[in-house]
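Dear colleague,

I am passing on a structure that I have been reading through, and I would be glad if you looked at it alongside my notes.

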Amino acid sequence: MDRQKKPLSAIIKEVCEGWSLGNPENFALQIADATNFYITEKNRNHIKNGSILRLTTSPYQTAVQLHERIQSSSMDAKLEALKDLANASRDITFAQEFINLDGISLLTQMVESGTERYQKLQKIMKPCFGDLLSFTLTAFVELMDHGIVSWDTFSVAFIKKIASYVNKSAMDTAVLQRSLAILESMVLNSQDLYYKVAQEITIGQLIPHLQGTDQDIQTYTIAVINALFLKAPEEKRQVRPHFLSENSMTYLSPTHNVIRGTTPINDEMAHQLYVLQVLTFNLLEDRMMTKMDPQDQAQRDIIFELRRIAFDVECEPNNSGSIEKRKSMYTRDYKKLGFINHVNPAVDFTQIPPGMLALDNMLYFARHHQDAYIRIVLENSSREDKHECPFGRSSIELTKMLCEILKVGELPSENCHDFHPMFFTHDRSFEEFFCICIQLLNKTWKEMRATSEDFNKVMQVVREQIMRALTLKPNSLDQFKSRLQNLSYTEILKIRQSERMNQEDFQSRPILELREKIQPEIMELIKQQRLNRLCEGTCFRKISSRRRQDKFWYCRLSPNHKVLHYGDLEESPQGEVPHDSLQDKLPVADIKAVITGKDCPHMKEKGALKQNKEVLELAFSVLYESDEYLNFIAPDKHEYCVWTDGLNALLGKEMTSDYTKSDMDTLLSMEMKLRLLDLENIQIPEAPPPIPKEPSNYDFVYDCN
């Protein structure tokens, strides 16, 4: 029978009865020809693998069919249609067609009122009801992820309904996840929606979701909290420090449980904890940038309190002794406390940063670690003037240093995961951090036998001690304190000496000439390494309007270095992706240039990303033909350097990344040391030895016997 005249039912029956009747792909093509269907690349792979046959109509036809099916009166039919819609919505072409049919409005109406028809059935059909709502919200999230529809178009009723799912104590996990994701996107993408969401959701209502064991729910919850803090308008930012100061223990305690949980923290959770850490420390910015008013009696009373605790004195009545005598006594005590201005120490806190934050830290230390505070003050007041470690000046400079280390006042980076678990273990973590570091500073001062002229040197050593201890990522403040005990001044000197020996660079002319001779060999080695890495390939994330991403694509260089293979992936791969599974190709010969940073076309299009310095630093594009681009955003700085170096090497251009410079220094230093190993402890002269004079005659011979 002619293929065009064969009934469709007969063709489908042949396919369904068994794959052994012929080539499965041929059956699929017959159906496609008979019905004007087309087969996606994904479904073609399903057919080749002998999986279930799944055919897809054109995007417009599919959108029309699903638009009708999700309005079915049958619960089962509606559920199946919404499930298909959730899967199909990932494709931007389908999404555009469905949105053109006013599909977003239909979904929001179903969320606002349509699902209420099934409330009466919820008790007897609870799993079905949860799936219905879950697929509805999933489809909505996927459609909005394409950035086609503005978030400002949604009603208060829709926001209230989504918020109600989050506020319920018992809610389907999938529904809760989607609801939290929608709230986060609303807050991040619309200032107007921020106000509406903030009226429906409070931090207190979100905190219980952190107490469960589902890490995805915990991640989404922290993301919503971060979004609310990050997008709070200027007039409300003064309220946030008050909230945290009153409820910080309640807030941070569940987060502490997340960190100490048995489940390993994934990258997205690490990023959210990093953002939370940054936003929490940014609450200190207001105090850090507030100057002390020398005329403010309440602020001056804090300095009097520091004096009272240190020297155990009662406040003298105004008529006790002469004014001159009291001034002299105050000046003497303020000098012992280590203030720069002994007469009016309030002037010391007019420098911003650290402003009033330094005074807050000093008062916290004096009240909560009173014995250590008194010991430090009395120890230094009993030393010679030039050997005393000034507590006041040290506290001000240390507070400023800690703000620099923790980047107080800076916005969180888009791709950073660098959080410190110890800051989530105490409700006053910054103050406790200061208390540990001020005691470290006093200890280091004594170990260095420093004088007042060595103040800056001591601060440099203390900074190095703190940074090295933080690099080890201690889980608690006590563990951080223990690590500092192993980083004494003597140990820091040993580490510095060791690093200096490893990085030693001889500057004599013979050595420099040898370096120049070796350098091209090393550069060729680095080039080969870069090209080998490109052959292995890298998985890149796709960037869209929502920050949380789950779409990937893979790119790798062919073994003969002539073609770039790339293509989309459903999920992050566990290893290398074979060349034959990557559908698209770009000949290296067609590449015209490699563009980086803000000049990349995808950075110009993404207005929000243009503000993010770190994302700009990871972006690069390949220009081919006349105006076609292949756009990348590297997962980290290392991959960025590898790919830009490799692409430049393919084009015959110089590799200029920081990573290349680091590799060159490391390999060159290693090669030099190996070649000069036999000359250890032998001084190499700057100039070559003189050539001896010619002998008077050449009538000589060496007698081997």
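Is His-561 buried, partly exposed or exposed? His-561 counts as partly exposed because its relative accessibility is 24%, where buried means under 20% relative accessible area, exposed means over 50%, and partly exposed lies in between (1.4 Å probe, protein chains only).

Please keep in mind that this is a predicted model, in which local features need pLDDT of at least 70 and side-chain atom pairs count only at pLDDT 80 or more, while totals for chains, interfaces and linings use all residues. Residues are numbered from 1 along each chain as its sequence is written, and side-chain values use heavy atoms, with hydrogens and water left out.

Most residues other than glycine have a negative phi, and most peptide bonds are trans. His-561, although not a glycine, has a positive phi of about 65°, and it lies in the loop between strand S2 (552-557) and strand S3 (563-569); helices (H or I, at least four residues) and strands (E, at least two) are DSSP runs, numbered from the N terminus. Asp-102 also has a positive phi of about 65°, and this residue is found in the loop between helix H6 (92-100) and helix H7 (103-112).

As for the peptide bonds, a cis bond joins Ile-352 and Pro-353, with omega about -20°, and the bond from Pro-353 to Pro-354 is cis as well, with omega near 15°. Pro-353 lies in the loop between helix H18 (323-336) and helix H19 (356-368), and Pro-354 is found in the loop between H18 and H19 too.

Best wishes
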